[in-house]
Amino acid sequence: MLDTTLCYIEKDSKYLMLHRVKKDKDINKGKWIGVGGKFEEGETADECLIREVYEETGLTLTKFHMVGLIKFYSESDDIDMYLYKATDFTGEVKTDCSEGILEWVDKDKVLSLPTWEGDHYFLEPLLEGKTNLNMTLRYDHDVLIEFRDDTKPVKINKSGIIESPHAFSTRIGGVSDSIYDSLNLGMNRGDSKARVTENFRRFFETAGIKNLAFVCGEQVHGNNVHIATKMDLRKAYGPGDLIVADGYVTNEKEVPLVIFTADCVPVLLEDKENNVVGAVHCGWKSTVKDIERNAIEKMKALGADISKIHIAIGPAIDKCCFEVGKEVTEAVDKLLNSDASFFYDECENGKYMLDLRGVVRERFLQLGVLSENIETVGDCTMCHPDKYFSHRYTKGERGSLACVIELS
C-alpha cells in the first residue's frame with residue numbers, strides 16, 4: 001500500500017480546501033480536496049502531515065488529530081490515506097501553491113463542492129467530529145464500485161482491581177486487514193508499519209494512556225524482568241536496541257509498559273499505594289523459569305509491599321485447549337514444589353491439558369500475593385479466534401495482542 005495523508009484545516013467554521021486546477025495530468029484535476037501527500041521514507045503519519053501541509057500551504061500545524069484510515073483500491077494504485085482534522089496553526093496561507101488554488105470554504109458548503117464520489121463517506125463524519133474511522137473505497141476507472149465501513153470501537157478487557165490506566169487488547173477495533181484483522185499490535189508480524197502505529201494510537205486512547213511512547217522489547221520466553229525508566233521509552237518502530245526481557249516494572253509515571261501475547265498469559269501488576277506497576281509475559285517456559293518470582297522481587301526493590309500488590313491475569317489459552325507434553329507438567333510440579341496435577345488432565349494420547357492461568361495464579365499465591373488481590377479477566381484465546389489472536393488456532397498466521405499499564 002502507498003501511505004499518504006490528507007488534512008482538512010478548520011478556522012472560524014471554514015475549511016481550507018485545495019481546488020486542483022494547475023496540473024494537466026493531475027488525477028484530481030478539477031476536484032476540491034484537503035491538503036496532504038505521500039510519506040517519505042521513515043516518516044510517521046504525523047511527520048508526513050506536518051511536512052506536506054507546510055509545503056502546500058505555508059502553515060505550520062500546532063493542533064491536529066487523526067480522524068481515521070481510508071483505504072483506496074483502484075486499477076492504478078492501492079492507497080492507505082491517513083485522514084486528519086487540524087484546528088490550529090501558525091503562518092499565513094500562501095498564494096502560490098503548485099497543486100492548485102487554496103480557498104477557505106464555509107463548513108456548510110464543503111459537501112456541495114465537486115469531489116471524488118467516495119469523499120462524502122469520510123467527509124460527513126469528519127465534519128460531524130467523528131474519529132477512528134476505518135473505511136474502504138474501491139474505484140474502477142474513476143467510478144466508485146464499492147464502499148465498506150469497517151469502523152468499530154476498540155474492544156479491551158480491564159481489571160476491576162487495578163486502578164492505573166491499563167488494558168488487555170482484543171483483535172477488534174483496529175485498521176489492519178487479512179490475518180491481522182483488525183487491531184494487530186505486533187510489530188514483527190509483517191503488517192504495515194503505519195497501520196500498526198495507528199492501532200497502537202487507538203489502543204492507548206481506549207486504555208486512557210496519552211503517551212504514544214512506551215517500553216517493550218524482545219520477548220524470548222525467559223525470566224528476565226527489567227526495571228524500566230523514561231530512558232527506555234520508544235514509539236512503535238522507534239530506533240534503538242531492543243531490551244531482551246519478558247517482563248518490566250517501573251515506579252516512574254507516564255512510562256507505559258507493554259507485553260505481547262497470542263496464547264501466552266499476560267499479567268499486569270500494581271501496588272498503587274507505593275506507586276509501582278509491572279507487566280509480565282508468562283508463557284509456560286517463562287513460568288517454569290519462575291518469572292513470577294523475579295517480577296515480585298523487582299517490584300519489592302522499587303518499594304512495593306507484597307500485601308499491596310494487585311494482579312490481573314489476562315486472556316490466554318486455557319485448559320480446554322492447551323495440550324502439552326509430560327516435560328511441561330513435570331516442570332510445573334517442580335515450580336510449585338508439589339504434585340500440581342490439579343492444574344492438568346491426562347489425555348488418551350499421553351499428553352496433558354494444562355491450566356496455565358491457574359498455575360500462574362498459584363505461583364503468585366505461593367509468593368505471598370493475597371488471594372483477593374488476584375483477578376483473572378478475559379477468555380480463552382483459542383476458543384475465541386474472532387476476538388483474540390491465537391498462535392495455536394492459526395498455526396502462526398496471525399497478529400499479536402498486547403497488554404499495557406502506566407503509572408499515572
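Figure 1. Helices (H or I, at least four residues) and strands (E, at least two) are DSSP runs, numbered from the N terminus. The model is predicted: local features need pLDDT of at least 70, side-chain atom pairs count only at pLDDT 80 or more, and totals for chains, interfaces and linings use all residues. Residues are numbered from 1 along each chain as its sequence is written, and side-chain values use heavy atoms, with hydrogens and water left out.

Figure 2. Two strands pair if DSSP finds at least two bridges between them. Strand 17 (residues 265-271) and strand 18 (residues 276-282) run antiparallel and are joined by seven bridges. Within strand 18, Val-277 stands opposite Glu-270. Strands of a sheet pair through backbone hydrogen bonds, either parallel or antiparallel.

Figure 3. Glu-362 lies in helix 7. Its relative accessibility is 27%, so Glu-362 counts as partly exposed; buried means under 20% relative accessible area, exposed over 50%, and partly exposed in between (1.4 Å probe, protein chains only). Leaving aside residues up to four places away in sequence, Glu-362 touches Leu-336 and Phe-343. The C-alpha atom of Glu-362 is separated by 50 Å from that of Lys-85, 277 residues apart along the chain.

**Figure 4. The hairpin of strand 8 and strand 9.** Strand 8 (residues 133-140) pairs with strand 9 (residues 143-149) in the antiparallel sense over six bridges. Asp-149 in strand 9 is the bridge partner of Met-135. Two residues lie between the strands of this hairpin, in which His-141 takes a positive phi near 50°. A salt bridge (a side-chain nitrogen of Lys or Arg within 4 Å of a carboxyl oxygen of Asp or Glu) joins the side chains of Arg-148 and Glu-146 at 3.1 Å, N to O. Arg-148 counts as partly exposed because its relative accessibility is 34%, and Glu-146 is partly exposed at 26%.

**Figure 5. Further salt bridges.** The whole structure holds 26 salt bridges. Side chains of opposite charge can pair when their charged atoms come close. In the salt bridge between Lys-23 and Glu-99, the closest N and O atoms are 3.3 Å apart. This pair links distant parts of the chain, 76 residues apart: Lys-23 is in the loop between strand 2 (14-19) and strand 3 (32-33), and Glu-99 is in the loop between strand 6 (78-90) and strand 7 (101-106). Lys-23 is partly exposed at 37% relative accessibility, whereas Glu-99 is buried at 15%. Asp-290 forms a salt bridge with Arg-293, again with closest N and O atoms 3.3 Å apart. Here Asp-290 counts as buried because its relative accessibility is 13%, while Arg-293, at 37%, is partly exposed.

Figure 6. One cavity of 30 Å³ or more is found in the whole structure. On a 1 Å grid over the protein atoms alone, a cavity is a set of points where a 1.4 Å probe fits but cannot get out, and lining residues have an atom within 4 Å of a point. Grid points are joined across faces, edges and corners, and a volume is the space filled by probe spheres set on the points. The largest cavity contains about 40 Å³ of space. Its lining consists of Phe-168, Ser-169, Thr-261, Pro-266, Pro-315, Leu-401, Ala-402 and Cys-403. Strand 11 (166-169) and strand 24 (401-405) are the elements that give two or more residues to this lining. The largest share, three residues, comes from strand 24.

Definitions and conventions
Contact means heavy atoms within 4.5 Å. On a 1 Å grid over the protein atoms alone, a cavity is a set of points where a 1.4 Å probe fits but cannot get out, and a pocket is an open set with protein on both sides within 12 Å along at least five of seven lines; lining residues have an atom within 4 Å of a point.
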